[in-house]
Amino acid sequence: MQKLSLNQSLSQKLSPQQIQFIKLLQVPTAELDTRVEEELEINPALEEGREEEAAPEREEFEEGEVSSTEDLNVEDYLGDDDFSGYKMQGDGNYNDEEDREMPVAMQASLNDQLEAQLGFLGLEERQENIAKQLIGSIETDGYIRRELDAIVNDLAFAQNIETDIEELEELLGQIQRFDPPGIAARSLQECLLIQMERKMDDLEEDEVIQTAVRILSLCFDEFTKKHYDKILKKLNLEDEGLLKEAVSSITKLNPKPGSISGGLVKTQYLIPDFLLSNTDGEFDLTLNSRNAPELRVSQSYTEMFSAYDKSDKKDKKLKETVTFVKQKLDAAKWFIDAIKQRQNTLLRTMESIIKFQYEFFQDGDESKLRPMILKDIANEISMDISTVSRVANSKSIQTDFGIFPLKYFFSEGISTTSGEDVSSREVKNVLAELINGEDKKKPLSDDKLEKFLKAKGYNIARRTVAKYREQLNIPVARLRKEL
C-alpha cells in the first residue's frame with residue numbers, strides 16, 4: 001500500500017548574480033580582458049564606454065552591495081514570467097591583442113627534427129614507417145615509455161605492418177644515435193648511458209669517461225642512492241678522486257633530452273593585479289587598469305525596452321521580444337555590477353593584507369612576515385574564507401622590491417622559546433641556511449636539523465622539519481651526500 005508524506009527542508013542556492021561574481025572574482029587580470037570580450041560578443045545590450053554618471057567611489061560600497069544603473073529600473077520590468085535567466089559563458093584563455101599581432105618565429109618540433117634526421121638513414125619504405133611509429137611514441141621529455149610489444153601491435157592494427165621486437169630494437173638503436181643525445185631512451189639509466197657512450201666514442205682513452213660508463217652500467221642503483229663506498233668496492237677502484245670526477249661528469253648530463261629540442265615557445269608574461277608604491281612610508285595601492293574596464297548598458301536597448309513595455313502586451317510575439325530584451329538588459333547590468341563588486345572585493349582584501357604585513361611591505365624583508373592565514377583576513381574584512389581564497393589563489397602584487405603572488409603572504413605560525421609566533425617562511429629560510437652550510441660529506445639528518453632549530457629558539461617537531469624540507473625541494477641527508 002502506497003503512502004503519501006510531506007517533508008519540509010531548507011536549502012541554500014546561489015543566484016545567477018552570485019555565481020557570476022564568484023567566477024569573475026577568481027579570474028586573474030590576464031584573463032579578464034578575454035572574459036569581457038566574450039560578454040560583449042554574446043550580449044548586444046552591453047557596450048564599452050564610460051557611463052554618463054560617474055560611478056560611486058569604492059569607499060561607498062558595502063559588503064554584498066552592488067551599484068545600480070540609474071536609467072534602468074528593474075522593478076518596472078514585467079513580472080509575469082520567471083526570473084531572467086543568464087547563461088554563463090565559459091572562461092576563455094588569455095590571448096592578448098599584442099600577441100596576436102606580434103610575429104613569432106616558428107621552429108621545428110622535436111618530432112620534425114627526428115624525422116628530418118631519419119631521412120639520412122636511407123631506409124626502405126616499410127622500415128621508415130616503423131621508425132616513424134617509434135618517433136611518434138617519443139614523449140615530450142625525450143623518452144619512449146610505451147612497451148615495444150604494444151608498438152608491434154600498433155603497427156599491425158593501424159598500418160598493417162608485421163614486425164617483431166628484434167627489428168624494433170635495431171631501428172630504435174639507430175634512432176638513439178640522433179640528436180639531441182639521449183633521445184628515445186626507455187629509462188633514465190639508458191638515457192645517461194647513451195650520452196656517456198657518445199662521449200666515450202670521442203674520448204676513448206679518457207679514464208674518467210670509462211669509469212662513468214662502468215658506474216652507469218654496473219652500479220646505477222648504488223649511484224642513485226649515493227652509496228659511493230659500495231661503488232668503490234664493486235668496481236675495485238682505489239682512487240676516490242677518479243670516482244668523484246666520474247660522478248661529476250654524470251651529473252652534468254641531461255636527464256630530459258627532449259626539453260632542449262626546438263618547438264614553438266610562447267613567452268608568458270606575469271601581469272600583476274595590484275600596484276603598490278611606497279612614498280615616504282605612505283602606501284599607495286591601486287588596481288591594474290585592466291581590472292576596471294569601462295562598460296555601460298546600451299541606451300538604445302533601454303529605450304527599446306521602454307517602448308515595448310508601453311505597447312500592447314497581449315501580442316505574443318511582442319511579449320517574446322520584451323522578454324528577450326529584458327534578459328539582455330538584466331545580464332548587462334549584472335555583469336557591470338559584478339565587475340564593480342570584484343574591484344571592491346580585491347581592494348578590500350589587499351588593503352587588509354598590507355595592514356597585516358605592514359612591516360614587510362616597508363622594505364621587503366622576508367623575516368618580518370607575520371604568521372597569517374585566510375581566516376585572519378576573512379575576519380578583518382567580514383567576508384567568507386572561500387572569498388579570500390579566490391582572491392589569493394591567482395592574484396599578484398607589484399611592489400618596489402618585486403612581484404609577489406598573494407599566496408606568498410600566507411603562512412602558518414611557529415612558536416619560539418620566548419613565546420612569540422614567527423612565520424613558517426622564516427623557519428624555512430633558517431632551515432635552508434643550515435643545509436647550505438652543512439658538511440656535504442656528512443649531511444645533517446632531520447633529527448639533527450630539529451636540534452639546531454630548537455637551539456635557535458624554534459619549537460619544531462622532526463616531522464615538521466621533514467615537511468618544510470620537502471616543500472623546499474631539498475632531498476634527504478643520504479641524497480645530499482657528496483664525495
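# Notebook: loops, charges and contacts

I started with Lys226, which lies in the loop between α10 (220-224) and α11. I note here that this is a predicted model. Phi of Lys226 is near 60°. That is a positive value, and the residue is not a glycine. I wrote down the background: most residues other than glycine have a negative phi. I then looked up the cover on Lys226.

I moved on to Ser382. Here phi is near 55°, again positive in a residue other than glycine. Where is Ser382 found? I placed Ser382 in the loop between α16 (374-381) and α17 (385-393). Is Ser382 buried or exposed? Ser382 has a relative accessible area of 55%, and I logged it as exposed because the cut-off for that word is over 50%.

**A cis bond**

Next I checked the peptide bond from Asp179 to Pro180. This bond is cis, with omega near 0°. For contrast, most peptide bonds are trans. I found Pro180 in the loop between α7 (165-175) and α8 (188-202).

How many salt bridges does the structure hold? I recorded 21. I went back to the stretch around Lys226 and took two of them.

Lys225 meets Asp221 through their side chains, at 3.6 Å from N to O. Lys225 is partly exposed, at 34% relative accessibility. Asp221 is partly exposed too, at 44%.

Lys234 pairs with Glu222 in another salt bridge. Their closest N and O atoms are 3.7 Å apart. This pair links distant parts of the chain, with Lys234 in helix α11 and Glu222 in helix α10. The two residues are twelve apart. I then compared their cover. Lys234 is partly exposed at 48%. Glu222 is at 16%, which means it counts as buried, since buried is under 20%.

**A negative patch**

Staying with α11, I looked at Asp229. Its helix covers residues 228-234. Asp229 is exposed, with a relative accessible area of 59%. Which residues form a negative surface patch with Asp229? I listed Glu207, Glu238, Asp239, Glu240 and Glu245 beside it.

I turned to Glu438 and Lys440. Their side chains meet in a salt bridge, at 3.2 Å from N to O. Glu438 is buried, at 9% relative accessibility. Lys440 is partly exposed, at 25%. I also noted a network: Asp446, Asp447, Arg462 and Arg469 are joined into one by salt bridges that share partners.

Asp446 came up again in a distance check. Arg463 and Asp446 are 17 residues apart in sequence. In space, they are 8.2 Å apart from C-alpha to C-alpha. I placed Arg463 in helix α20, residues 462-471. Arg463 is exposed, with a relative accessible area of 67%.

**A contact across the sequence**

I then looked up Ile22, in helix α1 (residues 16-25).

**Cysteines**

Last, I checked for disulfides. A disulfide is a covalent bond between the sulfur atoms of two cysteines. I looked for pairs of cysteine sulfur atoms within 2.5 Å. The count comes to zero disulfides by this rule. I also looked up the cover on two cysteines. Cys191 is buried, at 0% relative accessibility. Cys219 is buried as well, with a relative accessible area of 0%.

Technical notes: Residues are numbered from 1 along each chain as its sequence is written. This is a predicted model: local features need pLDDT of at least 70, side-chain atom pairs count only at pLDDT 80 or more; totals for chains, interfaces and linings use all residues. Side-chain values use heavy atoms; hydrogens and water are left out. Buried means under 20% relative accessible area, exposed over 50%, partly exposed in between (1.4 Å probe, protein chains only). Patches are made of residues with over 30% relative accessible area and no salt bridge: like charges are joined within 9 Å, nonpolar side chains (Val, Leu, Ile, Met, Phe, Trp, Tyr) within 5 Å. Accessible areas come from the Shrake-Rupley method with a 1.4 Å probe; for residues, only the protein chains shown count as cover. A salt bridge is a side-chain nitrogen of Lys or Arg within 4 Å of a carboxyl oxygen of Asp or Glu. Lys and Arg count as positive and Asp and Glu as negative; His and the chain ends are not counted. The place of a charge is taken as NZ of Lys, CZ of Arg, CG of Asp or CD of Glu. Helices (H or I, at least four residues) and strands (E, at least two) are DSSP runs, numbered from the N terminus.
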